[in-house]
Amino acid sequence: MIQRSCAEFCKVGMVNVWKYIKDSDIKLELQVHDELVLEVPNDLVQDAADLLYDKMQYRGLKIPMPVEVKVGDNWGEMTKIKPSWEQSKDDIKKIKELVAA
């Protein structure tokens, strides 16, 4: 039951994300189980991360269902990115350096 419920919540989250990105420069490339793979222009990385944290988080349960967002050129070089409301100035600097590379 839990696995199925999580899959359903993930699907709801994907629909919510799609509503916001369908007419943008952010492209949904792939969905793998409970993960989304997006192609995001460098200047929209933080906006995309914030959107994912907001729309993929299901708040209707007493059990936490955490969302994790990572950024990188490939799956072997991924770095976790926090939502903007949890970042320090050092975090923001690291993100800018990462997407500029």
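This is a guided tour of a predicted model, one selection at a time.

Residue numbers start at 1 along each chain as its sequence is written, and side-chain values use heavy atoms, without hydrogens or water. Because the model is predicted, local features need pLDDT of at least 70 and side-chain atom pairs count only at pLDDT 80 or more, while totals for chains, interfaces and linings use all residues.

**Whole chain**

Start with the cartoon view. The protein has 3 helices and 4 strands, in the order α-β-β-α-β-β-α from the N terminus. Helices (H or I, at least four residues) and strands (E, at least two) are DSSP runs, numbered from the N terminus. Of the 101 residues, 26% are buried. Buried means under 20% relative accessible area, exposed over 50%, and partly exposed in between (1.4 Å probe, protein chains only).

**Helix H2**

Select residues 45–56, which form helix H2. The 12 residues of H2 reach 16 Å from first C-alpha to last, close to the 16 Å expected at 1.5 Å a residue; the expected span is 1.5 Å times one less than the number of residues. Is H2 enclosed or open? Buried residues account for 9 of its 12, so H2 is largely enclosed by the rest of the structure. Colour the buried residues of H2, among them Val45, Gln46, Ala48 and Ala49. Further along H2, Leu51, Leu52, Tyr53 and Met56 are also buried.

Now show Asp54 and Lys55. Their side chains meet in a salt bridge, 3.3 Å from N to O. A salt bridge is a side-chain nitrogen of Lys or Arg within 4 Å of a carboxyl oxygen of Asp or Glu. Asp54 is partly exposed at 32% relative accessibility, and Lys55 is partly exposed at 22%.

From Met56, draw a distance to Lys11. The two C-alpha atoms are 8.9 Å apart, although 45 residues separate them along the chain. Lys11 sits in helix H1 and is partly exposed at 45%.

The structure holds 3 salt bridges. Select Glu68 with Lys70: they form a salt bridge whose closest N and O atoms are 3.6 Å apart. Lys70 is partly exposed, at 44%. Through shared partners, Glu68, Lys70 and Lys80 join into one network. Lys80 is exposed, at 52%.

**The largest pocket**

The largest pocket holds about 1300 Å³ of space. On a 1 Å grid over the protein atoms alone, a pocket is an open set of points where a 1.4 Å probe fits, with protein on both sides within 12 Å along at least five of seven lines; lining residues have an atom within 4 Å of a point. Which element gives the largest share of the lining? H1 does, with 7 residues. Helix H1 (2–21), strand S2 (35–39), H2, S3 and helix H3 (89–100) each supply at least two.

**A surface patch**

Finish with Leu30, Trp75 and Met78. Together they form a nonpolar surface patch with about 310 Å² of accessible area. Patch residues have over 30% relative accessible area and no salt bridge; like charges are joined within 9 Å, nonpolar side chains (Val, Leu, Ile, Met, Phe, Trp, Tyr) within 5 Å. Accessible areas come from the Shrake-Rupley method with a 1.4 Å probe; for residues, only the protein chains shown count as cover. Met78 lies in the loop between strand S3 (69–71) and strand S4 (79–81) and is partly exposed, at 31%.

Definitions and conventions
Grid points are joined across faces, edges and corners, and a volume is the space filled by probe spheres set on the points.
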